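I opened this model to look up a few local features. My entries follow in the order in which I checked them.

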Amino acid sequence: MVDFLAENNLCGQAVLRIVSRGNAIIAELLRLSDFIPTVFRLKDKSDQQKYGDIICDFSYFKGPEYYEGKLEAKPELQDLDEEFRENNIEILSRFYLAFESVHKYIVDLNRYLDDLHEGVYIQQTLETVLLNEDGKQLLCEALYLYGVMLLVIDQKIEGEVRERMLVSYYRYSAARSSGDSNLDDICKLLRSTGFSSQPGAKRPANYPESYFQRVPISTTFISMVIGRLRSDDIYNQVSAYPLPEHRSTALANQAAMLYVCLFFYPSILQTQQAKMREIVDKYFPDNWVISIYMGITVNLIEAWEPYKAAKTALNYTLDAANIKEQASRYAASMESLRPQVQQLLKEGFLREEIILDNIPKLLNCLRDCNVAIRWLMLHSAESAYDPNNKRLRQIKDQVLNDSKYNPKTLFQLLLDTAQFEFTLKEMFKQMLSEKQIKWENYKKEGSERMMELAEVFSGVKPLTRVEKNENLQAWFREISKQIESLNYEDSTAAGRKTVQLIQALIEVQEFHQLESNLQVCQFLADTRKFLHHMIRTINIKEEVLITMQIVGDLSYAWQIIDSFTSIMQESIRVNPSMVTKLRATFLKLASALDLPLLRINQANSADLLSVSQFYSGELVAYVRKVLQIIPESMFTSLAKIIKLQIHDIMEVPTRLDKDKLKDYSQLAARYEVAKLTHDISIFTEGILMMKTTLVGIIKVDPKQLLEDGIRKELVKRVAYALHKGLIFNPKAKIQDWQSVHQSTHIPIPKFPSVDESATFIGRLCREILRITDPKVTCYIDQMNTWYDLKSHQEVTNKRLFSEIQNTLGTFGLNGLDRLLCFMIVRELQNFLTMLQKSILKDKALVEVFKTVLAAVNPVQGIVANASKVYTSAVAKSQKIWGPYLEAIMKVGQMQILRQQIANELNFSLLCFLSLLADIEAHYQDPSLPYPKEENTLLYEITAYLEAAGIHNPLSKIYITTKRLPYFPIINLMFIIAQLPKLQYNKNQGMTCKKATDPVDWPPLVLGLLTLLKQFHSRYTQHFLALLGQFIRSVMEQCTSQKIPEMPSDVVGALMFLEDYVKYTKLSRKVVEAHVPSFIFDEFRTIL
């Protein structure tokens, strides 16, 4: 019969692919559970108020029109909804794909069962598949994994959160319009069950059986799977645990599968007492806390509370006498096993001969240790007992008392067992690899010894007092041939024959009175020794390694090991060399990866890498967490050294009186510094002793671990210092997992917010914006200084940015610049929203713009009665200029700050000079080559140039824009509306007339210039033409009315054009095309 898992067996491959996918889905669900956007939990009042109207649960489906209508009624909600969509659609899509794959999994499993029933797979039925060993395992796993998926989803992703995410995905994606979308079925499967993983939460009625029955599954299939799990040892684990008291440990994985599968058939739990008694007697006679998948623990007392038959059957296990018996047994085991393992671990004790002679004893010791550790870790775990349940508390207390539970002792046994297991495995692997070579050597040695003896009895080879004996000569020759004929491949026959040969050599020594000759006896004893070695060597079998792998399983502790972290860290702090033993423990924990990866590997699935990376990454993160105590301890010692050096140890002067020498020696303090320095070096040695280790598929380099740990601690301390130091008391969001600056190994820490800023850089930026606010300060461009509008005192100047660079470095200053960049983007986006939704939707205002546009056409001409036309238009639109001015000045203020930062950062960087020279040479002479596309620096140059300040913030495009009607005319009216508030001063340039109505000229010009830069250049051209027309028209009116002085509004408009040319570095011809040169000549006489 064809192997069930053979590639050409379609039936076996189909179910193998399903099971493989099941393991991958669970890994994805566990991975995603760490990335649930907190906003979907709606726990904070601020989140509820802000997002309450745009995040809905399944009640949305009862009346989507009502919810969408609410959004459409408020423009600000629409903007928030759009921003929320952009920020979360990527992670929502990932969650939806995971949810969809759970539904697809059970649909595919049902289809496979239907195909079996309908005879699609020739000669295969459900019964024949369950008769096959692999088929039986896979079908049981297929049902079990579906149950685990549902439990993991409910435990890790709360029902309400799932609903909100699914509704948000439905609203934001194209799935709603897709005809083949199965979103309805997914929503039915994953709607909230009412279950909460919070301690003390009440369990919903009929949970989880009603949840498991949302997608119907063949009851025949379920009952047959449960039947197999009840009666068979489907993984043949009992052979690895021959002792009857270890049976429940041997069947622990099968017991977990049975526990999950019983929820698909709740009537067994409810009413079938005989079956439940049989299950409990076989699987749970001495345990009630089980691990169902990768360390997810369940307490049967709580889980089976609502089920009458299950609860009754479990009562025998939970009898106080039984609990006492089990706990006392494991307490006694702990007492006897600890010294036993420590003896085995003594240097030089575990030698090859000892191992070969005592394989059964060593394996028994390993079994006893692992069984005791498993029972005590599971039954003492905090997470397995609800503190609000009185009965659970009592049972836990009894377990802890009767087992004399001491977490440190248990942890020490785990460490020693892991080290013993690791050493034994490594030695056994080496012996296995050298097995054939050694066996052949022993055979050769034995055969040669017999040939030499044959020659001795031939009388040819001289040996003292040995007479010639042809019979013995022939016999020894025959023995040599017999030894030579032993075949390594046929180990059973060779072993039997070797025993006979040993017996023959003993007999020949006795019957032929050869004891009298010591040399002959020595030859015979050596040969027997070699034959003994051959028997022992042939018994080195891979089965021993497999048994050790099964016995050493630590997957049940994948999560509860975290409760021992503080003990691990304390033991490292006291003795850094402890890291070597921990290495063995981490490798033992890594064996848990075999469970989810086995089927994925068998199916040759592409998921192997991602699932391996996830679990390996989780374990490596835990290793880092444990070992972080070393950098923490190092920094604590450094802090003490710094304190001693600054506050305690006095600086020795260059000249010192002899009698004061003792005062300055301060031996105690200097000894303390030396001791602390020595401690730091010991900690460093400790982590480097770990050696490079492969944890899962990730190589852990101790040097890298130490460096990352030091950097993490440094980041934490520097960030904390800046967080506490940069707190002021004045009168688009990127998720962590998306940020290129956030690292999982060296995370930027988060501190409780003290204002609207998330970090100290935000607070620093907002403080700079506050003190340079155009409403209260005046910026003088020539002096790069801000002055208070009322007191005319200097507020700050460009030296502020030198101080920031000295304090935070180039990266800190660059971060400030990036933040200002994003603030400008947000300000411009808000401004455009206001323009489109408030100004251009106001019919009266649009009518004003139309009237002005008609009056100023053609732009090349002169506007008749200019003062009246412009003044009237500005007066009619007066209400919009307040917010308009505020937005423009904010942008202008931030642009000034960006310019100052660029000036501070601006120094030449040699690494760019050659590249820039290549580009420049290409444009001067196109025959010269352009830098090659492989030159990655070319694509990154903008970021590098900005970091070095080699850029112009005013020429940057911050946002993408669409065409806007009346945009140039609105900006003309805006500038005309502001000119009466300003006056020209020969020393200071344009300044505001009244401090009560503040307008700061540089931010105004730079803000408007930045705004125009975001649009097509024709808008700027049109605006300049309109401004030129305004100047010409007002000057024409002054000439006709014989007013000799140039009006202040015209002076202001001309100053705007002058500054425009200065800041944009354009040719003067650009503005002289709109304003005659004689007007500029007259204007210069005023300056």
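Entry 1, cis prolines. I looked up proline 208 and found it in the loop between helix 8 (183-190) and helix 9 (209-212). For helices I took DSSP runs of H or I with at least four residues, and for strands runs of E with at least two, numbered from the N terminus. The peptide bond from tyrosine 207 to proline 208 is cis, with omega near 5 degrees. I then went to proline 858, which lies in the loop between helix 36 (843-856) and helix 37 (866-876).

The model is predicted: local features need pLDDT of at least 70, side-chain atom pairs count only at pLDDT 80 or more, and totals for chains, interfaces and linings use all residues. Residues are numbered from 1 along each chain as its sequence is written, and side-chain values use heavy atoms, with hydrogens and water left out.

Methionine 294 is not a glycine, yet I read a positive phi of about 45 degrees for it. Methionine 294 sits in the loop between strand 1 (289-293) and strand 2 (296-299). Is methionine 294 buried or exposed? Methionine 294 counts as buried because its relative accessibility is 3%; buried means under 20% relative accessible area, exposed over 50%, and partly exposed in between (1.4 Å probe, protein chains only). I also noted lysine 1065, a residue other than glycine with a positive phi near 60 degrees. Lysine 1065 is in the loop between helix 44 (1048-1064) and helix 45 (1069-1072). At 68% relative accessibility, lysine 1065 counts as exposed.

I checked helix 10 (residues 219-231) against helix 12 (residues 252-262): their axes come within 10 Å and cross at roughly 150 degrees. The axes are lines fitted to C-alpha atoms, for helices over the stretch in contact, and angles run from 0 to 180 degrees between N-to-C directions. The crossing angle therefore makes helix 10 roughly antiparallel to helix 12, a term used for angles over 145 degrees. The crossing of helix 10 and helix 12 is left-handed, meaning that the near helix is turned anticlockwise from the far one by less than a right angle.

Which residues of helix 10 meet helix 12? I listed Ile222, Val225, Ile226, Arg228, Leu229 and Arg230 in helix 10, which meet Gln254, Met257, Leu258, Cys261 and Leu262 in helix 12; contact means heavy atoms within 4.5 Å. By class, this contact has eight nonpolar, one polar and two charged residues. Nonpolar covers Ala, Val, Leu, Ile, Met, Phe, Trp, Tyr, Cys and Pro, charged covers Asp, Glu, Lys and Arg, and the others, Gly among them, are polar. Helix 12 is mostly covered, with 10 of its 11 residues buried. Among them are Ala252, Ala255, Tyr259 and Val260.

I found an open sheet of three strands in the order 5-6-7, with antiparallel pairing; two strands pair if DSSP finds at least two bridges between them. Its edge strands are strand 5 (777-780) and strand 7, each pairing on one side only. From one strand to the next, the twist averages 25 degrees. Four bridges join strand 5 to strand 6, and isoleucine 780 has threonine 785 in strand 6 as its bridge partner. Three bridges join strand 6 (residues 785-788) to strand 7 (residues 794-797), where threonine 785 stands opposite asparagine 797. Strand 6 and strand 7 form a hairpin with five residues between them, and histidine 792 in the turn has a positive phi of about 60 degrees.

Note on methods. Angles under 35 degrees count as roughly parallel, over 145 as roughly antiparallel, 65 to 115 as roughly perpendicular and the rest as oblique.
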